[in-house]
2 protein chains.
Amino acid sequence: MGKKAGYHHGNLRAALVEAALAILEADGLPGLTLRRVAAQAGVSHAAPAHHFPNLQALLTALATIAFERFTQSMARARARAKPDPESQVRAAGRGYLAFARSHPALFRLMFSAGDLDWQDQALQAAGAAAFRQLQEISAPFADLLGLAGETDRRELERLIWASAHGYAHLAIDGKMPATGNPPDVARFLSKR
Amino acid sequence: MGKKAGYHHGNLRAALVEAALAILEADGLPGLTLRRVAAQAGVSHAAPAHHFPNLQALLTALATIAFERFTQSMARARARAKPDPESQVRAAGRGYLAFARSHPALFRLMFSAGDLDWQDQALQAAGAAAFRQLQEISAPFADLLGLAGETDRRELERLIWASAHGYAHLAIDGKMPATGNPPDVARFLSKR
DNA sequence: AACTCAAACTTGACAGTGACAAGATTCGGC
DNA sequence: GCCGAATCTTGTCACTGTCAAGTTTGAGTT
């Protein structure tokens, strides 16, 4: 509905983000330059400056979107799974990995060192929402394991996050199988 | 002795690597440029080309050294620890994390996506040696857990690697506590 | 309905990057 | 002692992000 109207002037910001996402999918992070983004959006090389003061700001906007989709990927997987703690942990892990595998460049961007502005409110919120998914599946699982102490529960949370994150990272770097499920933390931790 | 002799002509390759390591520690990956490396080594901007055909080759050499030090970090930690499987797993995890925390830029470089030439023999060897450390601690621990099937043993190996890797990555990104130990996989897996 | 003015966009420039092409230099082997 | 070849320098190119100016456009006010 009509938000696309007006090109010479229009909703450039959204067009830039869309163009950047397309380039990212096609050529990865190194292929993403402000000038290419501008060109693909049909504007001059300095046009983005009015919507994003610098490259980091554009990357931050992209990462924010990425975190939102990432959260959705975990939420979708969880919704399809059974509600018991073990299944939920497994599902979140699959959602984590699925996003990384289908959008490796976005995933790398989300966790790239200094390229992002973590002072940005929207990015912080999107990141926190993603982390909340992990807290939501971790707590019931800690109960199942009978972990009472806060320290133990936090440690379990970190272990679940770290293993999912590490596996995803190694997988998109070709160090883990390109298909198949991640190691089943839930099974290893609960059985026996 | 005296390998340093001769400067106008000399052992430039080693000097370049040393300069690059210094810059990496000081300013991180984005601060590392061929021209700065050349300047710090006291040669012209095009001098590195004869020793490293392109930037990727230099980064690959750096990553190779990084993997060697990384392996040593794990080996040192293991040597200081008791020989039982649990302690060895814990120690390797600490060594993994210790290296990442004290050389974050090198660690990131080692696992940076397309910046490295994994066809390079030296890099492959150094990477394999590091991975071997994980296999060495994983096998006895699998025995301890009574895992017989090859699939299960491989899955455990991957879980240990992934959790160590993920925690290290998240730690140097500020998403995990800056000090303290990683989650104790060995304890979670064996107790109860 | 005309006018103003700020926002959006363009053009142009600058320092810095990696890579390449030629030249200059210096060392090692005969 | 001298010649060839490896090493290093100088110069240049296309490309990058960022800034400083101009130019266009559209929305709000009177």
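Trainee: Which residues have the most contacts inside the largest nonpolar core?

Mentor: A nonpolar core is a set of buried Ala, Val, Leu, Ile, Met, Phe, Trp, Tyr and Cys residues joined through side-chain atoms within 4.5 Å. Buried means under 20% relative accessible area, exposed over 50%, partly exposed in between (1.4 Å probe, protein chains only). Here that core has 117 residues, and Leu62(A), Tyr96(A), Leu62(B) and Tyr96(B) have the most contacts inside it.

Trainee: How should I treat the model and its numbering?

Mentor: It's a predicted model: local features need pLDDT of at least 70, side-chain atom pairs count only at pLDDT 80 or more, and totals for chains, interfaces and linings use all residues. Residues are numbered from 1 along each chain as its sequence is written, chains are lettered from A and ligands numbered from 1 in the order in which they are written, and side-chain values use heavy atoms, leaving out hydrogens and water.

Trainee: What does Leu62(B) touch, not counting residues up to four places away in sequence?

Mentor: Contact means heavy atoms within 4.5 Å. By that test, Leu62(B) touches Val17(B), Ala20(B), Leu21(B), Leu24(B), Leu32(B), Leu106(B) and Leu109(B).

Trainee: And how many helices and strands does chain A have?

Mentor: Helices (H or I, at least four residues) and strands (E, at least two) are DSSP runs, numbered from the N terminus. Chain A has 8 helices and 0 strands. Its C-alpha trace spans about 65 × 35 × 30 Å along the principal axes.

Trainee: How much of chain A is buried?

Mentor: Of its 192 residues, 47% count as buried. As for contacts in chain A between residues at least 6 apart in sequence, 66% join residues at least 24 apart.
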